[in-house]
Amino acid sequence: VAEGRKAVALAQISNRLLFVAHVLRFWPESVAAHDQVLKQHLGKALGASTYRLSAFPEWGTWFADRSQSGGAILDLQIHDIDFVNWCLGRPTKVFSQRIDHPRSAADEVHTVLTYPGAKAEVVASYLLPDSYPFTAGFRIAFENGAIEYGMRSAGVELFADQVGHALTSFPSGGIAAPLDAPGEDPYAAELRHVIDCVRTREASGVISAKAGLEALEVCEASA
């Protein structure tokens, strides 16, 4: 966090643009969910839950050193914390518990965030076996319904026909239906946004350094 604050300060002093590339802010389903929260199509958001689950990465030895990787908190959970902050604001309370694997550096983190008028639970895990596909998703409960999205990848044969489900709306007293989540490849969209900001010399209102630092501060509080 200290390094993050220093980077933000240096960018301001030197009049430079600084971006934190949280790609979920360009993920079509996340963008559509954010729109649902802001426009209150189903009423006010009351609670959210997110999950990001994976086998422990073996392609880099540095993952086992939490001073470098940050464990599940900084490598996985930070993405969903930033997403929930984007939707609900800045949390006023953070409560977190971590589960450590007894024979490896793998860990799992459960964090509860309190926002004005809402709460969120954010789960991130590296405790899954290598046969488990990367899995992520979210659910947001509103006054008059809920929305949900999930995905999984890694090409595991067992889940070949279960790669996830579309963003779906569940209105109170209505019928569940998929929500439109148009958009291009999120990584391409993010790069285009950065290029546009650099060309116009305007700070990003989407992936700002301030928002990135806030997510990092929440992670530090949950560590």
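Modeller: Buried means under 20% relative accessible area, exposed means over 50%, and partly exposed lies in between, with a 1.4 Å probe and protein chains only. This is a predicted model, in which local features need pLDDT of at least 70 and side-chain atom pairs count only at pLDDT 80 or more, while totals for chains, interfaces and linings use all residues. Residues are numbered from 1 along each chain as its sequence is written, and side-chain values use heavy atoms, with hydrogens and water left out.

Biologist: Is N15 buried or exposed, and how do you know?

Modeller: The relative accessibility of N15 is 60%, which is over 50%, so N15 counts as exposed. N15 is found in the loop between helix 1 (2-13) and helix 2 (28-39). Helices here are DSSP runs of H or I with at least four residues, strands are runs of E with at least two, and both are numbered from the N terminus.

Biologist: Why is the pair of W59 and F63 called edge-to-face?

Modeller: Rings of Phe, Tyr and Trp (its six-membered ring) pair if their centres lie within 6.5 Å; planes under 30 degrees apart count as stacked, over 60 as edge-to-face and the rest as tilted. By this rule there are 6 aromatic pairs. In the pair of W59 and F63 the centres are 4.8 Å apart and the planes stand at 80°, so the pair is edge-to-face. W59 is exposed at 69% relative accessibility, whereas F63 is buried at 5%. W59, W62 and F63 form one aromatic cluster.

Biologist: What makes the pair of F83 and F138 tilted?

Modeller: The ring centres of F83 and F138 are 5.0 Å apart and the planes are at 40°, so the pair is neither stacked nor edge-to-face but tilted. This pair links distant parts of the chain, with F83 in helix 4 (residues 71-88) and F138 in strand 5 (residues 135-142), 55 residues apart. F83 is buried at a relative accessible area of 3%, and F138 is buried at 6%.

Biologist: Why is T50 called buried, and what does T50 contact?

Modeller: T50 has 3% relative accessibility, which is under 20%, so T50 counts as buried. T50 is found in strand 1 (residues 45-55). Contact means heavy atoms within 4.5 Å. Leaving aside neighbours within four places in sequence, T50 is in contact with residues including D80, F83 and F138.

Biologist: How do you know that N85 is buried?

Modeller: The relative accessible area of N85 is 8%, under the 20% limit, so N85 is buried. N85 is found in helix 4. Not counting residues up to four places away in sequence, N85 touches P91, Y115, E214, A215 and V218.

Biologist: What puts the charged end of R152 over the ring of Y132?

Modeller: A charge sits over a ring if NZ of Lys or CZ of Arg is within 6 Å of the ring centre and within 35 degrees of the ring normal. The charged end of R152 sits over the ring of Y132, 5.4 Å from its centre.
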